[in-house]
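Have the sequence and the 3D view open as you read.

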Amino acid sequence: GDRRVLPHRTLLLWGLRDPALVPQNAERLERWVPRLAVRRVPAAGHWVMADAAAEVNAALVDFLRVP
């Protein structure tokens, strides 16, 4: 196997208003992160946690609840 594969459950929060990173960058990452959950945040830019704190907190709680 490829040692670069991340075996852990991973949550990726992506701000759809990010001026630097286009949403397509969050696609097709399963090759390296097979247990990836992507959550797109429409009202957030690059600093998702600052732009949408309540949504980020809810996403983290939901993600951490699932074993």
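## Around Trp14

Leaving out residues up to four places away in sequence, Trp14 touches Leu21, Val22, Pro23, Asn25, Ala26, Arg39, Arg40, Val41 and Val48; contact here means heavy atoms within 4.5 Å. Trp14 belongs to strand 1 (residues 10-15), and helices (H or I, at least four residues) and strands (E, at least two) are DSSP runs numbered from the N terminus. With a relative accessible area of 11%, Trp14 is buried. The cut-offs are under 20% relative accessible area for buried, over 50% for exposed and partly exposed in between, using a 1.4 Å probe and protein chains only. His46 is 32 residues from Trp14 in sequence, yet the two C-alpha atoms are 7.7 Å apart in space.

A word on the ground rules: this is a predicted model, where local features need pLDDT of at least 70 and side-chain atom pairs count only at pLDDT 80 or more, while totals for chains, interfaces and linings use all residues. Residues are numbered from 1 along each chain as its sequence is written, and side-chain values use heavy atoms, with hydrogens and water left out.

## The overall layout

The protein chain has 2 helices and 2 strands, and from the N terminus on they run β-β-α-α. Its C-alpha atoms fill a box of roughly 40 × 30 × 15 Å along the principal axes. Of the 67 residues in the chain, 22% are buried. Take the contacts between residues at least 6 apart in sequence: 65% of them join residues at least 24 apart.

## The nonpolar core

Which residues make up the largest nonpolar core? Val41, Ala44, Val48, Ala52 and Val56 do, 5 residues in total. A nonpolar core is a set of buried Ala, Val, Leu, Ile, Met, Phe, Trp, Tyr and Cys residues joined through side-chain atoms within 4.5 Å. In soluble globular proteins, nonpolar side chains tend to be buried together. Setting aside neighbours within four places in sequence, Val56 is in contact with Leu13, Val48 and Met49.

Thr10 sits in strand 1. Its side chain reaches the backbone oxygen of His8 at 3.0 Å. Beyond its neighbours within four places in sequence, Thr10 is in contact with Val33, Arg35, Leu36, Ala37 and Phe63.

The loop between strand 1 and strand 2 (36-41) holds Leu29, which is partly exposed at 23% relative accessible area. Not counting residues up to four places away in sequence, Leu29 touches Leu12 and Leu36. Arg28 lies in the loop between strand 1 and strand 2 as well, and is exposed at 68%. Phi of Arg28 is near 60 degrees, a positive value in a residue other than glycine. Most residues other than glycine have a negative phi.

## Charges

How many salt bridges are there? The count comes to 1, where a salt bridge is a side-chain nitrogen of Lys or Arg within 4 Å of a carboxyl oxygen of Asp or Glu. Arg65 pairs with Asp62, their closest N and O atoms being 3.9 Å apart. Both lie in helix 2 (residues 53-65), 3 residues apart, about one turn of the helix. Arg65 is exposed at 63% relative accessible area, while Asp62 is partly exposed at 39%.

The charged end of Arg9 sits over the ring of Phe63, 4.0 Å from its centre; the rule is NZ of Lys or CZ of Arg within 6 Å of the ring centre and within 35 degrees of the ring normal.

Technical notes. A polar contact is a pair of N or O atoms within 3.5 Å; within protein, one must be able to donate a hydrogen and the other to accept it, and residues adjacent in sequence count only if both atoms are side-chain atoms.
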